[in-house]
Structure formats: structure tokens, C-alpha cells
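Hi everyone, thanks for coming.

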Amino acid sequence: MLKIGLTGGIGSGKSEVARRLAARGAVVIDADRIAREVVEPGTPGLARVVARFGDEVLRPDGSLDREKLGGIVFADPDKLGSLNAIVHPLVGERVAGLQREADDDAIVVYDVPLLAENKLAPMYDVVIVVDAADEVRISRLAERRGMPEQDAKARIAAQASREDRLAVADVVIPNEGTLDELEARVAEVWDDLVRRAGRG
Ligand code: ADP
């Protein structure tokens, strides 16, 4: 199994790259997505969250009200600790299960937004960084996600700088051009990963 850490700042195109690698056969593991899945309606995870924090963290449709829960736990470290004690083991189990299911020669891509910030590079065989200039990311977030420019700038400022992210990269995927250009670079990177995984 070849373990890939995929990262990139908000708006860099990391999700586009993850999708394209999955289409080529990578097993993509997105811990943020799994953290949402383990507390979907009907899950034991959500039942435990409600047992701890009460019905007021539910929306009328029975789904978790993340803003409300966030407001509760981020104001109180003990509560954040107990939420993490519910969610982290469930995420860990799911990730371990996905790893067990993957073939020995699988290329497993971990989608890790804060890889550079949390100094996680040593956990992976190959670190891939999706890179674009801040201005490109700001205009993408405005056009594609309707995010106000000030919000985009604040989010970018709260993350690692481009330089810090590039410093931990084994492979860089520049993404300032078209989606066709991105696809071409992903194809090259995939061939390289297949070689590294000993499949080539
Ligand atoms: P991230 O996961 O890094 O935050 P996304 O992959 O979601 O970023 O990309 C942000 C937005 O920009 C998405 O709507 C995506 O489709 C779009 N996008 C990404 N790369 C390009 C590109 N090269 N050309 C045009 N749009 C792009």
C-alpha cells in the first residue's frame, strides 16, 4: 500500500484533485467527510452526541446542527474533549476499516487539509501539494462558492502559507490554469504514483 497525503489551502483545487485520483483508481480517505458521516441521522454516533449534549443540538429534521454544537464546544474545552472522545474513535474505526479493505498494492490517498499546519508529512510515503496563488484561490472561492473576498482572505490567512506547504511537498500539482491542464498534471502524477507503488 502506498500512502499519499494530499493537501492544499482552501480553494487550491484539492477536492478536484482527490476526485480525479479516485477516478483513476485511488482509494480516497477524507477524514472530514467521515467525521460528518459518523454522526448522520440514525447512527450510534449521533445518538451518543445527543445523549451528551441534548436534543437542542438537533435540527427539526433530526440532523445535527453543527453551528449550534460548535458554539457549545468551542466555548468549553471539557465539552470539546467529550465530543472528540465520541467522534475520533468512530472516525479511526472507519479509516482502519477502509485500510483493511484496500488491496496490498492500493494507492491510498488521505485528504488532509491541515497536513502542513499539523506537521503530518512523516505519516505518508508521498506528500502531494495542490498549489495556486492566493489571488487565484480568492477569486475561485468568490466565483464558485459565493464566498465574500474578506472571508476568503481571512481563511487563507488562518492556514499555512504557500511556502510552508510547498516545503513539505514531494510532488506539487500547480493549479492556476484550466481544469484540462489540471487533468493532464494529475495523469502524470498518477503514472508516477503507480511506478512508486511498484505496479508499473
Ligand atoms: P479545495 O478543495 O482546495 O478547497 P476545490 O477543489 O473545491 O478546492 O476547488 C474550489 C472551486 O474551484 C471548485 O468549485 C472547483 O471546481 C473550482 N476549481 C478548481 N480548480 C479549478 C481550475 N483549474 N479551473 C476552474 N475551476 C477550478
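Let me begin with a term: a residue is buried when its relative accessible area is under 20%, exposed when over 50%, and partly exposed in between, using a 1.4 Å probe and protein chains only. What we have here is a predicted model, where local features need pLDDT of at least 70 and side-chain atom pairs count only at pLDDT 80 or more, while totals for chains, interfaces and linings use all residues. Residues are numbered from 1 along each chain as its sequence is written, and side-chain values use heavy atoms, with hydrogens and water left out.

First, the overall picture. The protein has 9 helices and 5 strands; these are DSSP runs, H or I of at least four residues for helices and E of at least two for strands, numbered from the N terminus. Along the principal axes, the C-alpha atoms fill a box of roughly 50 × 45 × 30 Å. Of the 200 residues, 40% are buried. I'll also speak of contacts, meaning heavy atoms within 4.5 Å. Among contacts between residues at least 6 apart in sequence, 71% join residues at least 24 apart.

Now please find helix α1, residues 14-23. Which of its residues are buried? They are K14, V17, A18, R20 and L21. Looking down the helix axis, these buried residues fall within an arc of 165°, so they line one face of α1; the arc is taken from the directions from the helix axis to the C-beta atoms. As a reminder, an α-helix has 3.6 residues a turn, so residues three or four places apart point the same way. On the face turned away from the buried side, α1 carries the exposed residues R19 and A23. And what covers the buried residues? The cover includes β1 (2-8), β2 (27-30), β3 (107-111), β4 (126-131), β5 (171-174) and α9 (179-196). Just after α1 comes G25, with a positive phi of about 120°.

Strand β2 holds V27. At 25% relative accessibility, V27 counts as partly exposed. Setting aside residues up to four places away in sequence, V27 touches A102, A106, I107, V108 and V109.

Next, let's look at R137, in helix α6, residues 134-145. Is R137 buried or exposed? With a relative accessible area of 2%, R137 is buried. Beyond its neighbours within four places in sequence, R137 is in contact with G9, I10, G11, S12, A132, I156, Q159, R162 and R165.

R137 also takes us to my last stop, a cavity. On a 1 Å grid over the protein atoms alone, a cavity is a set of points where a 1.4 Å probe fits but cannot get out, and lining residues have an atom within 4 Å of a point. How many cavities of 30 Å³ or more does a search of the whole structure find? There is 1. The largest cavity has a volume of about 40 Å³, the volume being the space filled by probe spheres set on grid points, which are joined across faces, edges and corners. Its lining consists of G9, S12, V129, V130, D131, A132, R137, R162 and R165. The elements giving two or more residues to this lining are β4 and α8 (162-167), and β4 gives the most, with 3 residues.

How values were computed: On a 1 Å grid over the protein atoms alone, a cavity is a set of points where a 1.4 Å probe fits but cannot get out, and a pocket is an open set with protein on both sides within 12 Å along at least five of seven lines; lining residues have an atom within 4 Å of a point.
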